[in-house]
Amino acid sequence: MEVKAGEFLEQINYPSDLKKFEEKDLVRICNELRQFIVDTVSVNGGHFGSSLGVVELTVALHYVLNTPYDQLVWDVGHQAYGHKILTGRRNSFHTNRIHHGISGFPKRAESEYDTFGVGHSSTSISAALGMAVASNYKGETDRQHVAVIGDGAMTGGMAFEALNHGGIENSNILVILNDNCMSIDPNVGALKEYLTDITTSKSYNRFRDDISYVLTKISDLGPNAHEIVKKIEKTIKGGLLKKSNFFEALKFRYFGPIDGHDVKHLVKVLNDLKDIPGPKLLHCITVKGKGYALAEKDQTKWHSPGLFDKITGEIKKTATDKPLAPKYQDVFGNTLVELAEMNQKIMGVTPAMPSGSSLNIMMKAMPDRAFDVGIAEQHAVTFSAGLASQGMVPFCNIYSTFMQRAYDQVIHDVAIQKLNVVFCLDRAGFAGSDGPTHHGAYDLAYMRCIPNMTVSAPMNEEELRNLMFTAQQENMGPFSIRYPRGNGVMTDWRRPFKEIEVGKARMICDGEDVAILSIGHIGNEAVKACLELNSEGIHPAHYDMRFVKPLDETLLHQVFKKFKYVITVEDGCVQGGMGSAVLEFMADNGYSCNIVRLGIPDRIIEHGEQPELWAECGFDAVGIMKTVQKLAVSRATKAIAS
Ligand SMILES: Cc1ncc(C[n+]2csc(CCOP(=O)(O)OP(=O)(O)O)c2C)c(N)n1
């Protein structure tokens with residue numbers, strides 16, 4: 001649904017329009033931009049609190065910088081709605097995150113102002129540094145390169161790696177640390193405490209304004225101005241912060257902390273910093289959800305609240321007449337606590353997704369056994385490996401897409417040592433409106449080629465519980481369990497635990513025409529397809545494979561002996577996934593059969609609702625039905641011909 005912009009905002013299509021306004025108008029423009037975000041997100045959905053928190057920063061940056069010549073990189077990109085609106089996408093903003101609409105994240109193909117595609121965190125400093133070094137090389141020394149990174153994203157290893165490198169490159173890079181003390185959940189770790197120390201240090205902040213004053217007078221200090229200012233700053237900051245400033249130690253000149261909601265002051269500071277060459281870091285203090293009281297108060301809930309009534313703040317729930325099946329993540333969260341009560345060795349690990357994964361249930365119930373380690377997937381995996389090396393059974397819950405970050409750790413630290421780490425890969429398959437950066441497309445393929453790894457996926461909540469129960473037993477080795485975003489299919493899911501034999505599939509229905517082999521939740525689409533087909537007199541058999549590794553070879557021998565047509569269905573990449581595993585089995589065992597592999601094709605699939613994307617790729621119930629119908633018809637045709 002399209003919404004109307006305020007009088008000033010309506011005149012701004014690009015930053016060049018913004019620059020026509022006087023500085024005194026910027027506060028009003030910020031208010032209108034904030035209102036436009038509230039109006040649109042309340043009716044269309046999307047990320048919320050983070051964009052509200054950087055409204056002033058966004059306006060100031062586009063007011064001061066010469067974008068897109070000056071290059072602005074947003075970390076994660078979930079906070080870039082204001083940026084999108086000011087850079088040519090105000091009129092299409094109502095299509096944000098909708099199938100075939102604009103992306104919810106900066107995306108190079110969408111706009112020249114989106115200098116770098118993002119979605120995963122902690123990449124902005126590396127990317128901006130690469131741009132800055134390229135500019136240097138090309139002689140474009142007047143070009144500014146700015147990375148805006150949150151205090152949450154700053155906990156990611158890549159950010160530290162980039163700071164370490166950036167400090168010794170003599171490049172024009174400004175890192176803006178958007179410090180709101182929040183990740184999606186409250187931020188964690190020692191860095192967070194360090195930043196709070198700086199922000200609350202009274203003595204340091206008294207001198208902060210004096211440093212700013214010196215900076216503005218920089219040109220009055222003659223040819224050695226920069227050196228003199230550097231020395232003054234170093235002495236003051238080093239002395240007052242007792243330990244030396246962390247960023248300064250990495251050779252970034254540190255400025256701030258400043259109020260990230262004072263747009264006029266931001267404009268002044270950014271203008272000053274433009275004249276200072278080399279690596280710099282500006283520490284801005286902001287409030288996540290700024291300007292929308294409920295979002296300021298409950299920042300986790302309003303990170304991405306769904307549709308809501310902007311006046312009352314009531315978050316809209318989908319109306320259903322039937323009781324809703326639970327989310328898979330909640331089945332995981334509750335089941336883990338049940339298992340941990342039975343097995344004292346179980347521990348829980350999440351890299352910054354306590355609410356998203358529902359590990360927060362265990363963190364609350366057993367705080368000494370469940371850990372949020374920050375946005376640090378690699379560390380989460382090796383930390384889990386360390387726990388497992390001491391006899392613990394860690395459940396390391398990482399979204400399928402973010403696990404891509406920790407692939408080496410899965411192999412090097414877990415699989416080679418055959419450690420009992422249970423990987424629970426949430427948001428596996430299409431993630432929906434977050435789009436390609438977030439789709440969990442690859443885990444079946446990337447896990448199945450790792451020796452010692454068990455690769456499984458439940459078709460419903462009860463299977464998830466039983467796989468978790470199975471995985472936590474002695475000497476199971478590395479065990480991965482993937483499940484999708486959203487709700488399962490069973491309301492009565494809290495059933496007694498049953499061990500599942502590793503590598504054992506189950507038959508959903510017997511049949512004669514075609515065999516459908518599915519893995520995971522998408523098998524429920526196959527169930528719907530079979531019901532429809534039965535009413536047409538077509539009776540495919542359907543098997544829930546449960547495991548991609550080890551495969552149920554006994555079952556596959558039966559299938560290849562009985563059926564000439566096999567369809568594999570997975571909400572994962574067809575290249576290297578379950579279908580590929582079945583093809584390999586067929587070739588290795590000398591069978592010949594017509595196989596159709598349904599899954600995510602070898603191209604980037606954009607954003608949309610999960611069912612829209614399943615349909616686009618032909619593996620929703622309708623797609624499966626059509627595939628069976630085609631095979632059944634060709635079978636009938638062949639029969640007539642012979
Ligand atoms: C590698 C990776 N892990 C996890 C996430 C999920 N995630 C998205 S935003 C976010 C919190 C970011 O916090 P911060 O950088 O402080 O930004 P804020 O929302 O507070 O503005 C997390 C954990 C991600 N995008 N990328």
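This is a predicted model: local features need pLDDT of at least 70, side-chain atom pairs count only at pLDDT 80 or more; totals for chains, interfaces and linings use all residues.
View 1. Residues are numbered from 1 along each chain as its sequence is written, and side-chain values use heavy atoms, leaving out hydrogens and water.

**View 2. The shell around the ligand.** Count the residues surrounding the ligand and you get 23, the closest being Ser-50, His-78, Gly-152, Met-182 and Glu-377 (near means that a heavy atom of the residue lies within 4 Å). The shell splits into 8 nonpolar, 11 polar and 4 charged residues; Ala, Val, Leu, Ile, Met, Phe, Trp, Tyr, Cys and Pro count as nonpolar, Asp, Glu, Lys and Arg as charged, and the others, Gly among them, as polar. Ala-153 takes part with a backbone N or O atom, 2.8 Å from a ligand oxygen atom. Asp-151 uses its side chain instead: an N or O atom there is 3.3 Å from an oxygen atom of the ligand.

**View 3. A sheet of 7 strands.** This open sheet runs β7-β6-β8-β9-β11-β10-β15, with mixed pairing. Strands (E, at least two residues) and helices (H or I, at least four) are DSSP runs numbered from the N terminus, and two strands pair if DSSP finds at least two bridges between them. At the edges are β7 (370–372) and β15 (547–549), each pairing on one side only. Neighbouring strands are turned by 20 degrees against each other on average, direction ignored. Inside the sheet, β8 (393–399) and β9 (422–426) run parallel, joined by 5 bridges; Ile-398 has Leu-425 in β9 as its bridge partner. Helix α17 (377–389) packs on the sheet, touching β6 (346–350), β7, β8 and β9, and its direction makes about 165 degrees with that of β8. Contact means heavy atoms within 4.5 Å; axes are lines fitted to C-alpha atoms, for helices over the stretch in contact, with angles from 0 to 180 degrees between N-to-C directions.

**View 4. A sheet of 5 strands.** The order in this open, mixed sheet is β12-β14-β13-β16-β17. Its edges are β12 (506–509) and β17 (594–600), each with a single partner strand, so one side of each has no neighbour in the sheet. From one strand to the next, the twist averages 25 degrees. Strands β13 (515–518) and β14 (541–544) pair in the parallel sense over 4 bridges, and Ile-516 has His-542 in β14 as its bridge partner.

View 5. Most residues other than glycine have a negative phi, and most peptide bonds are trans. Thr-67 and Pro-68 are joined by a cis peptide bond, with omega about 5 degrees; Pro-68 is in the loop between α4 (55–64) and β1 (71–74). Ser-122 has a positive phi, near 75 degrees, and lies in the loop between α5 (81–89) and α6 (124–138).

Conventions:
A polar contact is a pair of N or O atoms within 3.5 Å; within protein, one must be able to donate a hydrogen and the other to accept it, and residues adjacent in sequence count only if both atoms are side-chain atoms.
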